[in-house]
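Open the model in your viewer and keep the selection tool ready. This tour goes stop by stop and says what to select next.

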Amino acid sequence: MSSANLIRVALGAYLLIFFSYLLGPLVVMSLTAFNSASFPAVSPWACFSYEWFEVLFNDKHIRDGIYYSVVIGIGTVILSVSMGLAASIVLTQVWPKLRSTYYTMIIAPILIPGVVLGISTLVFWDRVGAFLGVSDGSLLHGLFHNGIFLTILGQSTFIASYTMLVFVARLQRFDTDLTEAALDLGATHTQAFRKVLLPFMRPAIASASVLAFLASFENYNTTTFTILEYKTLTTVLAQKVRLGINPSISSLAFIIIVLTIFAALAFEAANRNKDRKLAAAQGRGVTQKSGILPSFLTGNPAAVVLVLLAFMVIVMVGTAQRYSPEACKIAVREAKQIEIQKRIDALKETRRQKEDAKAAQQPSNAAPATPNNSSAFGNVFAPGNLSGDAPEQKVDEPEPQSGTGAFGNVFAPDNLSSD
Amino acid sequence: MKKPMIFSQFFKNNGAVMGSALIGLVAFWLIFLIILPQLSMLDYSFRYNLPPAEVGGPKDVYTLSNYEHLIYGSDSSHQTYNTVDLKVFMRTILAAMLVTIFNIFLCYPLAYFLGQSKGSGFVRLLVVLLIIPYWINEILRAFALRIIFGDSGLLNEALMFLHLTSAPIDFIRQDIALYAGLGYAYILLMLFPMYNVIESLDRNQIEAARDMGASWLHIHRRIVIPYAKPGIVSGATMVFMLSAGALAAPQILGGPSSLWFTQLVYQWFNDSLNWQQGAAYAIVLLVSTIVIVLTVMRVFKVNMGDIGK
Amino acid sequence: MSSGVAVDLENITIRFGDFTAVKDANVNINGGDFFSFLGPSGCGKTTILRAVSGFLDPSEGRVLIGGKDMAGIGPNKRPTALIFQNLALFPLMKVWENIAFSMEVAGASAGERRKRADELLDMIALGGQGDKLPSELSGGQKQRVAIARALCANPDVLLLDEPLSALDLKLRQHMRTELREIQKRVGITFIYITHDQGEALTMSDNVAVMKAGVIEQIDTGHHIYDDPSTPFVASFVGENNVFRGKVKSINGANAVISTNRSGDLLSRITPAQVGKMQVGDDAMMFIRPEALELAPTDAASETTITANVMNEEFEGNSFSVFLEGDGGKMIKMSVPNLGQDHISARGENLSLRYDASNAVAMPAGELASE
């Protein structure tokens with residue numbers, strides 16, 4: 001008995017750790033979206049605020065990014081769903097000896113690193129463009145150089161493999177006699193495809209489209225190479241995150257998380273509802289009293305949570321119209337000023353002592369020792385940035401061919417203690 | 001002699017219009033999106049980075065110099081070997097392997113738990129909870145970890161509050177953030193293939209073994225793990241390839257210097273505008289990861305057909 | 001309704017790679033006939049059907065429908081309609097849409113289609129069920145919908161690929177009668193594929209028995225049963241006791257076979273082999289269990305066999321007696337149930353006799369494997 005309890009406790013602890021690792025960062029990030037502090041943090045908590053949502057909605061780069069992401073997503077869905085569907089149909093008919101080779105080829109893009117796919121797409125279509133003699137200003141020039149076309153191609157290369165897997169799973173349950181029956185009854189091949197196979201594949205096409213769109217929307221590795229003139233949401237975000245972060249990104253993440261939860265719950269609720277209807281149709285379902293709740297909600301926890309969540313969002317948006325954290329912010333700012341002054345004094349003091357000590361042993365110090373060195377990320381979180389007016393710093397990207405030690409800096413003893 | 005017959009049968013089965021559409025789409029994908037771009041990249045990697053005017057000219061010949069650069073470094077460098085890039089390369093491969101192994105151990109118990117306790121509401125809730133982070137952008141997930149691992153991030157605040165450390169720990173420079181981020185980024189790609197396979201394992205097999213007195217460890221070693229092998233290898237392959245090829249996590253969670261091989265590739269392309277050199281590095285990454293994956297698949301006797309299930 | 005159209009297969013050979021599925025088949029099917037291909041699974045009968053319906057082209061030979069060569073004409077252009085083994089009703093379409101599918105692809109209006117579908121639904125006694133989905137129908141109803149769907153295309157030839165195999169025994173017997181009636185009513189040519197000899201014999205005007213891609217015999221059901229031309233047909237259609245031996249003497253259409261274990265036995269030579277057998281040839285002789293009857297024990301002759309009773313089984317309408325003759329030769333006898341308690345006792349030594357006209361002899365050959 002006690003060993004069974006032990007296992008249960010261990011399992012509980014393990015689940016807790018796993019899900020904390022998985023969801024904890026997302027929760028923390030969501031919370032930072034409501035903190036008025038100018039860099040994303042939950043502690044110290046300044047003021048509850050919606051201002052980062054406003055910053056987000058006014059950010060033209062992000063709006064454009066979303067627009068291009070959607071355009072590319074739609075293009076990728078169309079291309080990858082058609083290619084994946086065609087490939088899966090061919091897979092069911094391909095000569096048995098060729099089958100495994102063919103399968104390896106169409107599954108390979110999943111395993112090729114996204115970076116490599118991006119590069120190869122860029123390199124190849126750049127050549128095609130050159131071969132076609134695409135000149136500035138021509139219609140084709142836009143096609144090859146604004147990056148949208150290339151990104152759709154690059155993303156579809158591997159997303160088509162994902163859609164193919166969805167279609168293969170569905171096709172395994174397709175009875176090819178149905179197509180033959182349609183042909184036998186006088187349908188052309190196109191009619192048989194349209195009237196028999198396509199309706200059967202519709203659920204798979206729907207889920208493959210969602211999958212393809214999401215995969216396209218969140219892709220970074222391939223897109224960052226193939227997107228040339230414009231930026232997608234992910235590349236905009238990556239740029240922002242690398243150059244310095246602020247909680248408007250958290251607010252975007254929060255919105256995406258809420259949307260995802262909505263979708264997941266809606267999916268789960270629909271599934272439950274279907275299961276329940278099925279059970280009821282088979283006479284196993286208990287006849288339910290039609291109470292206050294609509295039948296969709298009874299015995300469907302996912303649906304209940306969904307409705308509650310929707311309610312919360314409405315309340316939140318409602319309060320956001322009125323709530324103003326100004327008073328709180330002023331108070332926090334004053335407290336902070338005093339805190340910063342204290343820290344600066346303390347820092348000056350320690351530095352003076354250190355320099356005195358160093359000067360005694362080592363008169364000339366190497367350049368990286370200055371606190372204002374290449375540690376872009378370190379500084380973002382440095383207390384001095386709290387005031388929000390620190391100059392934005394570029395990420396330091398050392399030239400790879402300079403053999404003189406990108407790592408040298410990291411391991412330089414002074415860097416570790418510089419803050 | 002046989003090939004034309006196959007094609008004629010194919011067109012007979014699908015009709016001229018549908019047959020051409022199917023063949024056309026598949027051919028476009030295979031030839032223009034998969035094969036030719038890879039070959040094109042391979043070709044690029046053996047060329048000099050020349051100004052546009054000289055492309056196709058007498059200087060435009062094949063060379064191994066881009067690969068030599070990875071091993072020996074530039075001529076002006078004082079070292080015999082390009083230790084910086086080689087170190088990054090080794091670090092990428094080894095760290096990707098470690099991340100993969102870490103993920104296997106972390107996911108296996110959960111995959112087993114979810115796979116074997118079917119249908120209960122709690123399990124369904126857990127699966128929904130798993131799906132949510134799956135669809136959050138890679139960038140945003142890395143960003144979330146940065147909030148936690150930053151100098152004044154939640155983790156440091158917590159450690160300092162508990163007096164476990166007096167000064168903030170620089171998780172980012174210590175690479176801890178990077179490895180945590182990589183482990184985090186693709187963990188579900190390890191979990192789901194394992195879960196799918198274990199879910200199809202007949203519970204009676206486990207009960208039969210238990211009935212015959214097999215220990216808990218023995219059941220896993222002899223029954224569950226051999227059965228779940230395709231799922232484990234499939235997940236491990238995905239995690240390894242994606243970790244080794246990750247770009248967002250190293251860019252966001254890595255320190256100021258380049259830690260990850262993909263970052264070098266990125267820099268050759270976007271900062272140095274030396275596509276030829278970048279293509280060579282990409283080829284090295286592609287070939288070495290594929291060789292490792294194929295070796296592992298050979299060792300564990302897993303087929304390509306098991307991948308992506 | 002359209003009158004029957006003849007179907008001719010001329011020297012049809014069908015190969016898949018190195019495998020020959022059908023070898024040099026010649027079949028002439030009269031217009032309006034109910035014609036069956038009977039054979040064990042894998043004998044090539046479905047392949048022939050697919051060649052007639054146009055899903056595959058014969059490697060050699062011609063398919064003629066109504067005297068017209070069908071080469072290069074796709075399944076959707078041939079005047080045939082196929083009823084699939086699993087029926088292949090479109091699961092996402094309503095019953096009436098299924099039935100009128102051929103009109104839909106030909107561009108008929110919804111009103112026309114619905115009208116014709118309702119007529120056919122009435123014909124198959126499913127009036128008013130048109131708006132159901134196929135999954136809501138019973139097995140027999142689905143069967144009839146599949147027939148109606150095929151007939152809606154006004155085919156000249158209806159092809160049926162073991163359509164009854166999924167039904168239970170009772171329904172199967174009922175559907176046999178119904179199919180035959182429908183065929184008489186519409187008057188078109190039916191080509192029926194089955195491995196069930198009962199179906200083939202009860203419904204067909206003519207039956208072709210196939211073995212491993214080769215047509216062994218084409219004849220009426222009666223002749224197939226009584227006058228099998230090869231050992232395969234004799235052993236595949238119905239039950240038979242087989243006696244191996246050599247031809248001892250031939251007297252016109254009769255022969256004495258010197259059997260390996262049961263002595264010399266007199267038999268009629270099967271009509272297709274008369275004049276083709278020589279004294280001393282390896283031969284096989286077949287006697288059906290129901291052709292054997294009890295004889296006085298001392299009546300030794302060229303039409304009696306002695307054997308010991310091993311076992312007796314009660315079958316309802318008959319008794320099956322299993323006996324062991326000399327040298328361990330197994331013999332089965334079938335005796336109609338006329339109210340007896342039993343026929344024999346275990347271990348009893350019996351003499352069995354038969355009428356020589358009920359035994360058939362032919363050159364030795366391959367038997368149908370059980």
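**Stop 1: chain C as a whole**

Select chain C. It holds nine helices and 20 strands. Remember that this is a predicted model. Chain C has 370 residues, and 42% of them count as buried. Now think about contacts in chain C between residues at least 6 apart in sequence. Of these, 67% join residues at least 24 apart.

**Stop 2: two domains in chain C**

Colour residues 7-226 of chain C as domain 1. The C-alpha centres of the two domains of chain C lie 37 Å apart.

**Stop 3**

Most residues other than glycine have a negative phi.

Select C:D24, in strand β2 (residues 19-29) of chain C. C:D24 is not a glycine, yet its phi is positive, at about 45 degrees. Is C:D24 buried, exposed or partly exposed? C:D24 counts as partly exposed because 15 other C-beta atoms lie within 10 Å, between the limits of 12 or fewer for exposed and 20 or more for buried.

Next, select C:A125. Look in the loop between α4 (110-123) and α5 (139-152) of chain C. Phi of C:A125 is also positive, near 60 degrees. C:A125 is exposed because it has 10 other C-beta atoms within 10 Å, and 12 or fewer is the limit for that class.

**Stop 3: where chain C meets chain A**

Show chains A and C together. Their contact takes 17 residues from chain C and 16 residues from chain A. On the chain C side, select β6 (80-83) and α3 (101-105), the elements that give two or more residues. Helix α3 of chain C gives the most, with three residues. The chain C side divides into twelve nonpolar, four polar and one charged residue.

**Stop 4: chain A**

The unreviewed UniProt entry annotates "transmembrane region" over several stretches, including residues 12-34, 66-91 and 103-125 of chain A. Select residues 12-34 of chain A: the stretch is 91% helix and 0% strand. Its end C-alpha atoms are 31 Å apart. Move to residues 66-91 of chain A, where the chain is 100% helix and 0% strand. Here the end C-alpha atoms are 35 Å apart.

Then go to helix α11 (residues 233-243) of chain A. Eight of its eleven residues are buried, so this helix is mostly covered. Among the buried ones are A:L233, A:T234, A:V236, A:K240 and A:V241.

**Stop 5: confidence in chain B**

Finish with chain B, coloured by pLDDT. Chain B averages 80, and 87% of the residues score at least 70. Where is confidence lowest in chain B, and where is it highest? Helix α1 (residues 2-14) of chain B is lowest, at a mean of 67. Helix α2 (residues 16-45) of chain B is highest, at 89. Where pLDDT is low, predicted coordinates should not be read in detail.

Technical notes:
Residues are numbered from 1 along each chain as its sequence is written. Chains are lettered from A and ligands numbered from 1 in the order in which they are written. This is a predicted model: local features need pLDDT of at least 70, side-chain atom pairs count only at pLDDT 80 or more; totals for chains, interfaces and linings use all residues. Helices (H or I, at least four residues) and strands (E, at least two) are DSSP runs, numbered from the N terminus. Two residues are in contact if their C-beta atoms, placed from the backbone, lie within 7 Å. pLDDT is the predictor's confidence in each residue, from 0 to 100. Ala, Val, Leu, Ile, Met, Phe, Trp, Tyr, Cys and Pro count as nonpolar, Asp, Glu, Lys and Arg as charged, and the others, Gly among them, as polar. UniProt positions are given in the numbering used here, feature names are shortened, and annotations may be inferred rather than shown by experiment. Domain bounds come from an automatic or database domain assignment.
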